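Colleague: I'm new to this one. Could you show it to me and walk me through it?

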Amino acid sequence: MLNFDDPRLTAIGLLSEAYAGLMARFQPVLTAAGLSEIDFETIIRLARSPRQRLRMSDLAAQTGLSTSGVTRVVDRLEREGLVRREACPTDRRASYAVLADAGRERLETVLPQHLQDIDDCLTGLLSTSELEAFLGSLRKIRDVVRPCATAGAVETDAEARTSS
């Protein structure tokens with residue numbers, strides 16, 4: 001007999017409900033700034049990366065988009081002036097997506113309210129120790145289900161030398 005009260009079903013259900021609720025809460029701020037969820041994810045990942053840039057392949061891995069999907073997003077953001085592309089000096093096949101000044105400015109308009117929303121309905125509800133445990137648990141899960149989510153997050157010595 002199946003157990004419909006299985007705690008595994010409860011865990012995934014709660015996670016799904018929390019995620020959907022958070023995204024619904026965040027969407028008005030992003031929409032007001034002219035950003036979709038994937039636009040915001042793309043530019044915030046660039047902003048938080050070494051020298052505010054990522055190889056296109058790493059950006060695809062981090063966002064979970066296909067290479068053609070990330071190309072379409074970057075093309076659109078580039079047309080809006082939020083991102084620019086740079087050729088890789090050591091590999092002609094590769095290119096970087098780089099956060100443009102306008103992208104940084106757009107983030108500066110969005111982040112104060114976005115951070116307040118995060119605090120109001122997520123991080124502010126948890127004690128310091130609960131937040132540390134929560135982040136640790138999320139990283140453990142993320143590392144299994146999206147092991148490439150941090151691709152390119154650390155600049156290699158070779159990358160630093162070629163761009164200096």
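This is a predicted model: local features need pLDDT of at least 70, side-chain atom pairs count only at pLDDT 80 or more; totals for chains, interfaces and linings use all residues.

Colleague: In S3, what is the bridge partner of glutamate 86?

Modeller: Residues are numbered from 1 along each chain as its sequence is written, and side-chain values use heavy atoms, without hydrogens and water. Strands are DSSP runs of E with at least two residues, helices are runs of H or I with at least four, and both are numbered from the N terminus. S2 and S3 (residues 95-99) run antiparallel, joined by five bridges; in S3, glutamate 86 is partnered by tyrosine 96.

Colleague: In which order do the three strands form the open sheet?

Modeller: Strands pair when DSSP finds at least two bridges between them. S1 (53-55) and S2 (83-87) each have a single partner strand, so they stand at the edges. The pairing is antiparallel, and the order is S1-S3-S2.

Colleague: Which strands does helix H2 touch?

Modeller: Contact means heavy atoms within 4.5 Å. Helix H2 covers residues 37-47 and packs on the sheet. The strands in contact with H2 are S1, S2 and S3.

Colleague: Is leucine 15 buried, partly exposed or exposed?

Modeller: Leucine 15 lies in helix H1. Buried means under 20% relative accessible area and exposed over 50%, with partly exposed in between (1.4 Å probe, protein chains only). Because its relative accessibility is 46%, leucine 15 counts as partly exposed.

Key. Axes are lines fitted to C-alpha atoms, for helices over the stretch in contact, and angles run from 0 to 180 degrees between N-to-C directions.
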